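I opened a new page in my notebook today. I wanted to see what lies inside this protein chain.

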Amino acid sequence: MINFKKWFVVFTAFFLTVPSVSLAGSIKDGSSGNPGEWYVGTTPSSIAANSHPILFVHGLNSSSDTWYENNNMYATAYQNGYETAFIDLNAGKSMWDNGALLAQKVQEVYNYFGEKVVVVAHSKGGVDTQSALVHYGADPYIERVITLSSPHRGSELADLAYSSWAGWLAGIIGSKNDGTYSLQTGYMDYYRSVTDSHANVYNTPIYTLGGTKWGSFGNALYWGGLYLSAYGSNDGAVTIQSSRLPYAAEISVGRWNHTTIKEGSSTFNLFKNYLNEETFYSASAASFETAAVTESAETPAGHYITGGEYAGTHKESVAVEKGVDSVTFDWISDKKDTSLALASPSKKTYADFKVTADDTEFFKGAYHHTLTIEKPEAGKWTLETKAEQKERYLLNTTFESPVDAMLSGEVKGNQMKVKGNKKLNVKTDMTVEYYDKNGKLKEKKLKAKKNGNDFKIPSLGEGVYNMTIDVKGTYEGTPLERTLIQTVYIDDKGKLYAP
């Protein structure tokens, strides 16, 4: 499954021109979503001066209609006098597959318009576009690139999707694919090393935008934002740090979520000036200042994660230590109508779970059943579920607790180290899941070294190693549970890459 092939079947492109911008839905009528097919929007009666056509590139598990279905980006571009084109890439393929395909198809778009295009790319589309530019020779056809919350350093949600506990759910809803696999942070560290050092990296200017909003409780991106909040400001799917490139110009960081950042009414006026000839930025002479972000190589410990499958009645317990400010239980499932009941250590029950469909791209097709408890009592909390049919689930419990800052994981050399405060008494187990170059899944369970919580990362061959570290113990005499997820990539020479 996971063999990042760089050659594949070429699809025939076709062209579709809508009769007017007000009938943007007619693009969808002709859009098949087949990889490699691309479409041309209506030519404005008055084309903006010194402008280039815009080629819109979609993200992970998406398609070209993301730009005009429940989105006014196409209409906004038209009203501002810009010619437009939209392309369908492989929704679930790696940046290598999509980069090669895009490099071929953008030449066709260039020939159609007779000039270079400006690419506006959402999410993983920005990574696919940079692959086309740097590794597949697309720079003669692209004037510049604007990325909207692109995970240039990967996403910890991709790490979560490939963790050992998430396998039951991620597999059934289809989020385990080459695209998600390639966005694991360990692999993206390798990708950055071979991309950022490439001679072609400065040929085409890149501009970035990032979002900091993931909505209120119950929002479709809330749970993604909550999970990622331990890693920094984010838009519900991608952190601000990941949306940046050191040699790119950052146009803006704003209060957009991962959906609204690609809407015309939200961001078009901000990047409009960068579509024109007069605005030029030389990446090789970068002097653009961006807001400071605190980076840490450590994996935070604000979550407890478990998962599996069951039919009928099932119970999960979660240890909540003393001093917790709040705890959020997020039951992520392939079923919308699951019956859930939460019981505190003193047997008080809660059943008012908020149900929302996932909108993060990484768990598309899943449903979140979410409940937050403020100032929870310490002890064992029990979640009881009922489903008439077999259900696959992932339980993500998020803590706001003093312990979050006392426990972390970090890769040092070939060691995965778990660091704890002297107030903690913990022991750890680690499960490593690894796909070899033929796509075969291998799993290895490890115990921490005697008198410590460090693991030697096994060398099983080239590939991404997704490490799930389960931590159990006590904090000032009360039970404690946490889960750390870390990915690394080991290349064919045995070199290890870690975010």
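Entry one. I noted that the model is predicted. I looked up the largest nonpolar core and found 35 residues in it. L160, Y227, F362, F363 and L394 have the most contacts inside this core.

Entry two. I picked F363 and left aside its neighbours within four places in sequence. Its contacts include L157, L160, A161, W223 and L394. S175 and D358 are also in contact with F363.

Entry three. I moved on to helix 11, residues 264-271. Which of its residues are buried? I found G264, T267, F268 and F271. Seen down the helix axis, they fall within an arc of 115°, so they line one face of helix 11. The face turned away from that buried side carries S265 and N269, which are exposed.

I checked what covers the buried residues of helix 11. Helix 2 is part of the cover, and so are several strands, including strand 6 and strand 7. I looked at strand 7 itself and saw that five of its six residues are buried. Strand 7 pairs with strand 6 in the parallel sense, over five bridges.

Conventions: Residues numbered from 1 in each chain as written. Predicted model: local features only at pLDDT ≥ 70, side-chain atom pairs only at ≥ 80, totals over all residues. Heavy atoms only, no water. Core = buried A, V, L, I, M, F, W, Y, C linked by side-chain atoms within 4.5 Å. Buried < 20%, exposed > 50% of the residue type's maximum accessible area, 1.4 Å probe, protein only. Contact = heavy atoms within 4.5 Å. Helix = DSSP H or I, 4+ residues; strand = E, 2+ residues; numbered from the N terminus. Arc of directions from axis to C-beta. Pairing = 2+ DSSP bridges.
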